[in-house]
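Here are a few notes to go with the model, written as numbered points. Keep the structure open beside you while you read.

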Amino acid sequence: MRRALPIAVALAVALSACSSWSPRAAGESDIVVPATWSTAAASSGSVTATSLAQWWQRFNDPLLSTLVTQALQANTTVRSAQAALQQSRALRDVKSGNLLPGVGASASAQRSKSGSNDAGNRFQAGFDASWEPDVFGGQRSALNATEADASAAEANLADVQVSIAAEVAVTYIELRGLQARLAIARNNLASQTETQQITDWRAQAGLASSLDLEQARAASAQTSAQIPALETSAAQAQNSLAVLTGQAPGALKSTLTTASALPQAPSDLALSIPAETLRQRPDLRAAEHRISAALARVAQADAARYPGFQISGSLGLSALTLGSLTAAGAVANALLASVSVPLFDGGAARAQVRAQEAALEQTRVSYQATVLTALQDVEDALVALQGDRERLARLEVAADAAANAELLARQRYSSGLIDFRSVLETQRTLLSTQDSVESTRASVSADHVRLYKALGGGWTPASDPATR
């Protein structure tokens, strides 16, 4: 035992050291970002954790900031993740307590009678203690696994916060976009109604045909039919925001019914993205902690193949009467040391080690998949943002030209210089281009939100009491 103990302690230290993992410490390759990320906006600087923590404030919309704050506090998914974190920390404390000796107290009183003998009493009181020395590090590895699980649960909570903040922002942007499109539809309907009235007057004077009048009515009815659909979508977006903030559907109707400007992020968003910034994504951090937990469980399974030691003892009092319970002769004590050595288990212990090693490989592959997904999320967001910006610039030019064309067409039609078909075509083009402009403008804002989400922005563990 004197020779085996130093070896066992060294092995326990080695096994405990293996339970802490990071990509660099384990020899895994660093996250390699595409070269275009570093050159996309080199003049704008690099994205940092500070600039991403509360990215929704960059939209300069107080109501949006209020809704995101409410959602991070009251959303049911966030609260569930907070409870899961508390559970993980409690399980970690359970494993931590197992490393310490267990002490218990007991007391009993017994009265018994056998045959014709007089009844007798027996009183007992004492303490029991037991301790299992963690010679080969099995219990320490179990604690390391639960600590890694707790860290993964904390990262999962942050991931939920990122998703909820982004979902609130995208839904809010969608609502404001729908309200802008509603205003465009109503303005175009008013213009088309005015044109229909002019056509009606011209038809009565014999200057326009009944075909022109029916086409004017059809155009007005088609535009009018778009309004209920947009109103329905806007109401659904309001209900979604209410549920996301932990409220009943319709609770935000009075707050959100009034149209407001579409929130837009500043155009100087930095797109230079170093790998360290991407690694702050909560899902990547959670995947790293899961690998640490899997490593610790491999060490725990391996330690189960070695002997186990246990020390137990008791100190108590035993007497026939309460008065003699405090006498010196009533003291009873015992001390027991035991060792258990696995001799034959049919290969179950080794199989358990292989099973944990296979689980470790799964978590490593899962980490690699999470890295690839993170890279794709950022790349997709960048491509979408660039494409929608270019599309918006072209649509704004088309909308200005369509507005001028529609105004000229109505003026010339009123003067009898052109036929109604030209007016009808310009009005349809105007409505379509203006609607596309607002839709694309909302898409650009939503692309910013998705990019912030892809970079892991939206959680502040230092200031969130739920993550402490």
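**Notes on selected side chains**

1. Y306 is partly exposed, with a relative accessible area of 29%. Here buried means under 20% relative accessible area, exposed over 50%, and partly exposed in between, using a 1.4 Å probe and protein chains only.

2. A word on the basis: this is a predicted model, in which local features need pLDDT of at least 70 and side-chain atom pairs count only at pLDDT 80 or more, while totals for chains, interfaces and linings use all residues. Residues are numbered from 1 along each chain as its sequence is written, and side-chain values use heavy atoms, with hydrogens and water left out.

3. Now for the rings. A search of the whole structure gives five aromatic pairs. One of them is W55 with W56, an edge-to-face pair at 5.4 Å centre to centre, with 80 degrees between the planes. Rings of Phe, Tyr and Trp (its six-membered ring) pair if their centres lie within 6.5 Å; planes under 30 degrees apart count as stacked, over 60 as edge-to-face and the rest as tilted. W55 is buried at 0% relative accessibility, and W56 is buried too, at 4%.

4. Back to Y306, whose ring partner is F136: the centres are 5.0 Å apart and the planes are at 20 degrees, so this pair is stacked. The pair links distant parts of the chain, 170 residues apart: F136 sits in the loop between β2 (120-131) and α6 (138-204), and Y306 in the loop between α10 (282-303) and β3 (308-319). Helices (H or I, at least four residues) and strands (E, at least two) are DSSP runs, numbered from the N terminus. F136 is buried, with a relative accessible area of 14%.

5. Ring pairs also join W55, W56, F59 and Y452 into a cluster.

6. Which side chain does the side chain of H448 meet in a polar contact? The partner is R389, at 3.2 Å. A polar contact is a pair of N or O atoms within 3.5 Å; within protein, one must be able to donate a hydrogen and the other to accept it, and residues adjacent in sequence count only if both atoms are side-chain atoms. H448 belongs to helix α12 (residues 420-454) and is buried, at 3% relative accessible area.

7. Finally, please look at T245, in the loop between α7 (210-244) and α8 (253-256). T245 is buried, at 3% relative accessibility. A polar atom of its side chain lies 2.9 Å from the backbone oxygen of A242. Leaving aside neighbours within four places in sequence, T245 is in contact (heavy atoms within 4.5 Å) with L67, Q70, A71, A74 and L252.
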